[in-house]
Amino acid sequence: MAWRSQLSRNLKELRFLFCQTSPTSASARSFVEQNYKDLKTLNPKFPILIRECSGIEPQIWARYDMGVERGVRLEGLTEPQILKALEDLVKAGATLKA
């Protein structure tokens, strides 16, 4: 999973949005709990923002160069699917630079 160390090269910011208590956000909360430390260790100065809001739909937002943003809805996704969605966002950042 070499792409994990590419966050700071391909993105400017990564935001996770989810509800603290909602069952629809359970997999997003679990993903952050399981993966935040590893992602932050590999990208120590990269901003990974965690935004909790009551009743919000779980999402990931990636900000690229020139203010371009892309988001992915996480409702109904499992942790491996969330990992794949994050990987796709990181790899999309490499294509935007080309």
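Trainee: Which element gives the largest share of the lining of the largest cavity?

Mentor: In this predicted model, that share comes from H2, with five residues. The lining as a whole consists of Phe16, Phe31, Val32, Asn35, Tyr36, Leu39 and Ile48.

Trainee: What makes a residue such as Phe16 part of the lining?

Mentor: A lining residue must have an atom within 4 Å of a cavity point. Phe16 is listed among the residues lining the largest cavity, so Phe16 meets that condition.

Trainee: How many cavities of 30 Å³ or more does a search of the whole structure find?

Mentor: The search finds one, and the volume of the largest cavity is about 30 Å³.

Trainee: Why is Asp38 called partly exposed?

Mentor: Asp38, found in helix H2 (residues 26-42), has a relative accessible area of 33%. Buried means under 20% and exposed means over 50%; the value for Asp38 lies in between, and therefore Asp38 is partly exposed.

Trainee: What makes the approach of the Asp38 and Arg4 side chains a polar contact?

Mentor: The two side chains are joined at 2.5 Å. The cut-off for a pair of N or O atoms is 3.5 Å, so this distance falls within the limit.

Trainee: How do you know that Leu96 can belong to a surface patch?

Mentor: Patch residues need over 30% relative accessible area. Leu96, in helix H3 (residues 79-97), has 37%, and therefore passes that cut-off. Together with Met66 and Val68, Leu96 makes a nonpolar surface patch of about 320 Å².

Methods. Residues numbered from 1 in each chain as written. Predicted model: local features only at pLDDT ≥ 70, side-chain atom pairs only at ≥ 80, totals over all residues. Heavy atoms only, no water. Patch = residues over 30% accessible without salt bridge, like charges linked within 9 Å, V, L, I, M, F, W, Y side chains within 5 Å. Areas by Shrake-Rupley, 256 points an atom, 1.4 Å probe, with all protein chains shown as cover. Salt bridge = Lys/Arg side-chain N within 4 Å of Asp/Glu carboxyl O. Helix = DSSP H or I, 4+ residues; strand = E, 2+ residues; numbered from the N terminus. Buried < 20%, exposed > 50% of the residue type's maximum accessible area, 1.4 Å probe, protein only. Polar contact = N/O pair within 3.5 Å; in protein donor to acceptor, adjacent residues only side chain to side chain. 1 Å grid on protein atoms, 1.4 Å probe; cavity = no way out; pocket = protein on both sides within 12 Å on 5 of 7 lines; lining within 4 Å. Points joined across faces, edges and corners; volume = space filled by probe spheres on them.
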